[in-house]
Amino acid sequence: MKVLCINNDGGGFADYVEVPAGTTVRELFQQQVRSGKPDGYLIRVNRQPVPSDQVLQEGDRVSFTPVKIEGAQ
């Protein structure tokens, strides 16, 4: 199944990615954001905050936004 993954880390990108049925938000995070931990990001599915164990559905829009911007004090 395909979901839209929006990664707002660094330069940011958005792309449709193919994931197996039953994939959780945490699993997608680990695949797409290799340098961070989920607790350092605002994670939303279809513009709503969700728990990391939520199972994704076909066509979901998932965004990962860092809570702290690198270099900010």
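This tour moves from a strand and its two partners to a group of aromatic rings.

The model is predicted, so local features require pLDDT of at least 70 and side-chain atom pairs count only at pLDDT 80 or more, while totals for chains, interfaces and linings use all residues. Residues are numbered from 1 along each chain as its sequence is written, and side-chain values use heavy atoms, with hydrogens and water left out.

**The strands**

Select residues 2–7, strand β1. Helices (H or I, at least four residues) and strands (E, at least two) are DSSP runs, numbered from the N terminus. In β1, 5 of the 6 residues are buried, that is, under 20% relative accessible area with a 1.4 Å probe and protein chains only (exposed is over 50%, partly exposed in between).

Leu4 stands opposite Tyr16. Between these strands lie 5 residues, and Gly10 in this hairpin has a positive phi near 65°.

Next, show residues 61–66, strand β5, which is parallel to β1 with 4 bridges. Here Arg61 is the bridge partner of Leu4.

**The rings**

The structure holds 2 aromatic pairs. Rings of Phe, Tyr and Trp (its six-membered ring) pair if their centres lie within 6.5 Å; planes under 30 degrees apart count as stacked, over 60 as edge-to-face and the rest as tilted.

Select Phe29 and Tyr41: their centres are 5.1 Å apart and their planes at 70°, so the pair is edge-to-face. Phe29 lies in helix α1 (residues 25–32) and Tyr41 in strand β3 (residues 41–45), so the pair ties together parts 12 residues apart in sequence.

Key. Pairing = 2+ DSSP bridges.
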